[in-house]
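Okay, thanks for making time, everyone.

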Amino acid sequence: MISFFIDTCTSFVTIALLKDNKLINQKNIVSNRDLSNNLFEYIEQLFKEVAILPKDVKRIYVSIGPGSFTGVRIGLTIAKTYAYSLDIKLVPISSLEIMSSTLEGDSISIIDARRGYVFAGGYNNLNNFFKDSYIELETLRRMYPDIRYISVDPFDFDVVKPNIDIEKIVNNHAEEGINPSLVNPNYLKITEAEANLNNGNIWNKRYKWDKI
């Protein structure tokens, strides 16, 4: 069985093809503003290099966040559109779990969420012991001062750069799969635009403006 894997949630984008859950081709791409345009070219190359046709894919594994709002949307849109066209199931996976496949044992995957906050999830061999959360970094560090941290982002303390094990991830979710319509992004927090809109709605509820 041919499977397609896509993770676009961080600045380190990964796409891959597997046959019977064994990796046959993989590309790692540094994300940039042109990702939405260039990603299709990389995907086309991914298939051509191993003489696999897109219609041969029977299952798609997709990272649903948290991470970059734009990145999450790009990857999930591609995966859902692809799954719809082939009438196959999607397997949604946390981006933090994917990062955790880098290490054995306890680790916490973190993504910089700005303003002193991170997206964080704790895993031990892909088993979640600290629920994926949007949390203040200082609070997280007090809770887990001695654990190993994994991140693509730079911090003022030592972090392990991800080197994800796609076969390990796919085998952990091999029996899963749901209708693409049921798969949604996991942002863990609302966007700044949504927050501003909500604040505006609260303001309008508090103050009634008379028509002039």
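**A buried aspartate, and what surrounds it**

So, let's start with Asp132, which is buried and yet has no salt bridge. The nearest side chain of opposite charge belongs to Lys131, and that is 9.2 Å away. Keep in mind that this is a predicted model.

What does the Asp132 side chain have for a partner, then? It makes a polar contact with the side chain of Ser94, at 2.6 Å. Asp132 sits in strand S8, residues 127-136. If you skip its neighbours within four places in sequence, Asp132 touches Pro66, Ser94, Leu96, Ala120, Gly121, Tyr123 and Leu188.

The peptide bond joining Gly65 and Pro66 is cis, with omega at about 5 degrees. Pro66 itself is in the loop between S4 and H2.

Let me zoom out for a moment. The protein has 212 residues, and 46% of them count as buried. Its secondary structure comes to six helices and nine strands. Take the contacts between residues at least 6 apart in sequence: 59% of those join residues at least 24 apart.

Now helix H1, residues 35-48. It has 14 residues and reaches 20 Å from first C-alpha to last, close to the 20 Å expected at 1.5 Å a residue. Which of its residues are buried? Leu35, Leu39, Ile43, Leu46 and Phe47 are. They cover an arc of only 105 degrees around the axis, so they end up on the same side of H1. The face of H1 turned away from the buried side carries exposed Asn37, Phe40 and Lys48. And what covers the buried residues? That includes strands S1, S2, S3 and S4, plus helix H2.

Arg114, in strand S6, has a positive phi of about 75 degrees although it is not a glycine. Leu126 also has a positive phi, near 75 degrees, and is likewise not a glycine. Buried or exposed? Arg114 counts as exposed, at 65% relative accessibility, while Leu126 is buried, with a relative accessible area of 8%. Leu126 lies in the loop between S7 and S8.

Last one: Leu182, in the loop between H5 and H6. This leucine is exposed, at 58% relative accessible area. Its C-alpha is 9.1 Å from that of Leu90, 92 residues apart along the chain.

Terms used
Residues numbered from 1 in each chain as written. Predicted model: local features only at pLDDT ≥ 70, side-chain atom pairs only at ≥ 80, totals over all residues. Heavy atoms only, no water. Helix = DSSP H or I, 4+ residues; strand = E, 2+ residues; numbered from the N terminus. Buried < 20%, exposed > 50% of the residue type's maximum accessible area, 1.4 Å probe, protein only. Lys, Arg positive; Asp, Glu negative; His and termini not counted. Salt bridge = Lys/Arg side-chain N within 4 Å of Asp/Glu carboxyl O. Polar contact = N/O pair within 3.5 Å; in protein donor to acceptor, adjacent residues only side chain to side chain. Contact = heavy atoms within 4.5 Å. Expected span 1.5 Å × (residues − 1). Arc of directions from axis to C-beta.
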